[in-house]
Amino acid sequence: MNVLRRLQDYYWEKKAYMFASILFLAIATALGLVYPKLLQVLIDDVILPRDFEAVPKLALAVVGVVTLKACMQFLHGFFGARLGNHLAYRLRNACYEKLQFLSFRYYDTAKTGDLMARLTGDLEAIRLFIGFGFAQILNLFLMVGFGAAMMLSINWQLTLFTLVTIPVLLYVALRFESRIHPAFQEMRLALSSLTTAVQENVTGVRTVKAFAREPHEVNKFSLRNDRYRDNQLHASGLWSRYFPVMELLASACAVLLIGVGGTMVIRGSLTIGELVAFFSLIWYIIGPMWGAGFHINNYTQSEASGERVLQILNQPIDVRDKEGAIKLDDERIRGHVTFENVSFAYGNQLRAVHEINLDAPPGKVIGLLGGTGTGKSTIIQLLMRAYDVTEGSIKFDGMDIRDIRVMDLRSQIAAVFQETFLFSSTVKGNIAYGMNNVSMDDIIRAAKLAKAHDFIMEMKQGYDTIVGERGMGLSGGQKQRIAIARALLKNPKILILDDATSAVDMETEQEIQAGFQEVMKGRTTFIIAHRISSLRHADEILVLDEGRIVQRGTHNELIRKPGPYHDVYRIQYADHIARMENEGSEGGAVL
Ligand SMILES: Nc1ncnc2c1ncn2[C@@H]1O[C@H](COP(=O)(O)OP(=O)(O)OP(=O)(O)O)[C@@H](O)[C@H]1O
């Protein structure tokens, strides 16, 4: 019960529910013992002596016991459900909250399907076990204990005889558990791989269709479906063998009991009523043995589920506030960013960036250019404290960003990435994502600056149009413009555009950039782009290669020097340069 003890914090405040649920179940179990006693009285004191006057009293007693037992069972269910739901509710919240604060490093390797399974299937297994399974296991002991005590009060020899059968039944139950447990685990894995196939198929439906790979997807799914079906058949095969075997064994016990007990009745050492009472009592022993396999299986499953949920809850957060972290004062911050000899490596890999130095005072626009994988996004991620630098330091208004509260730092930054994420909500809701008290005028102003207003107004329901999951139904450029409007509405001190205008045409890009200049006056902007046209107005352009800054300067300075920037410029502006050269003018200076 180790994991369940470690989960104690999440249900212990409602321990009263747990005790109430166990208590009422125990009372219901104890009341069940009254039936055999009533049967004994009915046979020995009513039917055999033919004293039928006692029948109404006995009938009333039966009705009373049945009603009381039903009430106790209801109360057991009521409190068990409350306890289980309280635990599941708290764990769900705790896990979700934890997932919000886990660092980027965790999400580098996390699997969506697996996380979903932990928050649903595993939590459900824990809920059922804490709510009911735990009380049921205790009840097994109570049933055997109460039953044996009651049997002893009737006849001790026959009781010993009955108890001898317990090891046989227990052996079969445990053997069953040892086989059904891996079968269940296998089934869970098969189900998880099945749901992953569905999830990936829906997410990547465009790629599937573009490559006409529907048959491949159908085949992949049906292979996984076959595996799931086979697992289910195997598990149900085990179940269907288990019950008949247990019933056969239990019946053999009953037959032996009738033989031995019947002989005792004939010899006069046992009354018929006592034998009948005894006979119905043996289910108090056999029943728990039948259920033992099932409950042990339930228990081991909930232990495994608890472990998986605890893995999330105990996951260390590597980027977190240090003790006494600085709280930023919105009024006083300016947004001056400096990188001092910053180097960083993801995990144990080679360094992604080496000795980066840059100074971005408020109002400055820094452009980052370089081939793929040269470390541009990494620089931005480090500034947002998605990861902490390995060497050197990044300063924000002179303070090391590791000394500032993470939330405060990030609330000063607005980033737009190449891959835009839109929530399945209205356009308005997506622009004002997570912000309260935002006026419609502000939303429209941001959308206009991002050159999104016109196409939004062309949609039937304008700003109230619901965009599909991940922004389905909008073009790449439209999604990017909504994301830019979202960033501008945040009114950040630092704006980051990580290839954020790659999907819009050059003309729109220029209009959007003009909008930035208006909004970002006195604030700092970082622009990552592959197109020189996106960067040429930057105050300083840093050219990266293999994680190092290999060139820096303004556009006009860089096009005059031989080097990677010039090379890119020649490729992107080949026509223009040729025209200029024909006209005898100096190519780059004009741009
Ligand atoms: N989360 C990560 N885990 C491990 N390595 C990473 C991770 N992200 C990036 N890298 C590696 O770090 C290096 C720099 O990547 P980065 O994303 O910064 O490049 P980039 O210049 O932004 O490229 P692109 O223009 O293609 O977006 C690459 O070698 C990349 O493989």
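Trainee: How are α6 and α8 oriented to each other?
Mentor: This is a predicted model: local features need pLDDT of at least 70, side-chain atom pairs count only at pLDDT 80 or more, and totals for chains, interfaces and linings use all residues. Residues are numbered from 1 along each chain as its sequence is written. The axes of helix α6 (residues 112-154) and helix α8 (residues 166-203) come within 9 Å and cross at roughly 125°; axes are lines fitted to C-alpha atoms, for helices over the stretch in contact, with angles from 0 to 180 degrees between N-to-C directions. Angles under 35 degrees count as roughly parallel, over 145 as roughly antiparallel, 65 to 115 as roughly perpendicular and the rest as oblique, so α6 and α8 are oblique.

Trainee: Which residues of α8 does α6 meet?
Mentor: Contact requires C-beta atoms, placed from the backbone, within 7 Å. From α6 come T112, G113 and A117; their partners in α8 are S192, T195, T196 and Q199.

Trainee: How far apart do the C-alpha centres of domain 1 and domain 2 lie?
Mentor: Domain bounds come from an automatic or database domain assignment. That assignment gives domain 1 as 2-313 and domain 2 as 337-549. Their C-alpha centres are separated by 54 Å.

Notes
Helix = DSSP H or I, 4+ residues; strand = E, 2+ residues; numbered from the N terminus. Contact = placed C-beta atoms within 7 Å.
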